Amino acid sequence: MKMTRYREGEPGDFVFTAADQARARVLVARYPEGRQASAVLALLDLAQRQSGGWLPREAIEYVANFLEMAPIRVHEVASFYSMFNLKPVGRHLIQVCRTTPCWLRGAAELTDSCCEKLGVGLGETSEDGEFTLIEVECLGACANAPMVQIGDDYYEDLTPERLRQILDDLKAGKEVPGGSRIGRQSSMAEGGMTTLKDLPAPAPADPSGAPAGAPAGAPAAPGEGA
Ligand code: FES
């Protein structure tokens with residue numbers, strides 16, 4: 001669920017830290033003179049991280065000023081992309097992918113399990129401020145469905161039990177590495193590699209020029225063996 005409203009009680013003036021200002025200048029310098037607005041996504045990301053995971057209006061206006069853009073243009077960008085949040089979120093933002101491959105593999109059960117465990121509905125934050133739960137469209141890890149993104153990490157091949165354990169560990173302050181929960185490497189098949197494995201070694205080239213595997217005495221392929 002995309003959140004599109006500002007909340008009352010936003011922080012006051014926003015300004016990049018010295019480190020973020022330096023980083024922002026590097027990002028803007030990647031684009032040709034007069035095209036600095038192309039850095040708007042990167043600068044909004046910086047601002048969101050500095051603001052604790054969301055973009056108060058002051059941060060959007062600061063980025064607009066930094067890039068010499070109309071604030072409404074920057075707001076349009078911030079409200080379009082699901083990676084930007086326009087109201088405060090918990091320490092951990094859980095984004096459950098609900099698109100078809102994940103849905104077929106149990107995304108709805110993951111969502112229900114999260115709602116029950118955290119005592120929240122979609123778009124809500126748990127009472128302890130630890131977790132915010134939202135649904136998003138495909139995050140590009142369909143081969144290892146179902147999956148969720150928490151913070152910057154992907155957690156794949158999930159079941160409700162595996163996800164609940166991840167939430168318990170995060171709440172306890174543990175480091176929880178992302179990736180497949182069944183040990184897959186990247187997006188290989190669930191039963192292990194099925195390609196480029198155990199293939200017969202290629203036949204040595206026939207000095208007569210006949211195609212590899214052809215019976216003895218077969219004519220050379222056109223243009224070969226001359
Ligand atoms: S459908 Fe869930 S990652 Fe693509």
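In which sense do β5 and strand β6 (residues 179-180) pair, and over how many bridges? They pair in the parallel sense, over two bridges, and the rest of this report builds the picture around them.

## Ground rules

This is a predicted model, in which local features need pLDDT of at least 70, side-chain atom pairs count only at pLDDT 80 or more, and totals for chains, interfaces and linings use all residues. Residues are numbered from 1 along each chain as its sequence is written.

## Overall make-up

The protein chain has seven helices and six strands; here helices (H or I, at least four residues) and strands (E, at least two) are DSSP runs, numbered from the N terminus. Along the sequence, their pattern reads α-α-α-α-β-α-α-β-β-β-β-α-β.

Of the 226 residues in the protein chain, 25% are buried. A residue is called buried if 20 or more other C-beta atoms lie within 10 Å of its own, exposed if 12 or fewer, and partly exposed in between, with C-beta atoms placed from the backbone. Two residues are in contact if their C-beta atoms, placed from the backbone, lie within 7 Å. Among contacts between residues at least 6 apart in sequence, 58% join residues at least 24 apart.

## The sheet

The six strands form an open sheet with mixed pairing, in the order β2-β3-β1-β4-β5-β6; two strands pair if DSSP finds at least two bridges between them. Its edge strands are β2 (124-125) and β6, each pairing on one side only. Further in, strand β1 (residues 92-97) runs antiparallel to β4, with three bridges, and isoleucine 94 has isoleucine 150 in β4 as its bridge partner. Helix α6 (residues 107-118) packs on the sheet and touches β1, β3 and β4, its direction making about 150° with that of β1. Axes are lines fitted to C-alpha atoms, for helices over the stretch in contact, and angles run from 0 to 180 degrees between N-to-C directions.

Strand β4 (residues 148-150) also pairs with strand β5 (residues 153-156), antiparallel and over three bridges. Glutamine 149 stands opposite tyrosine 154 in β5. The two strands form a hairpin with two residues between them, and glycine 151 in the turn has a positive phi of about 65°. On the β6 side, glutamate 156 has serine 180 as its bridge partner. From β5 the chain crosses through helix α7 (residues 160-171) to β6, and this β-α-β crossover is left-handed; a right-handed one would, with the strands pointing away from the viewer, run clockwise from the first strand over the helix to the second.

## Backbone spots worth a look

Most residues other than glycine have a negative phi, and most peptide bonds are trans. Aspartate 157, in the loop between β5 and α7, has a positive phi near 55°. It is partly exposed, with 19 other C-beta atoms within 10 Å. Serine 186, in the segment after β6, has a positive phi of about 50° and counts as exposed, with 9 C-beta neighbours inside 10 Å.

There is also a cis peptide bond, from alanine 145 to proline 146, with omega near -5°. Proline 146 is found in the loop between β3 (131-136) and β4.

## Helix α2 and its neighbours

Which residues of helix α2 (residues 40-50) are buried? They are Val40, Leu43, Leu44, Leu46, Ala47 and Gln48. These residues pack against α1 (18-28), α3 (57-66) and α4 (71-80). After α2 comes glycine 52, with a positive phi near 85°.
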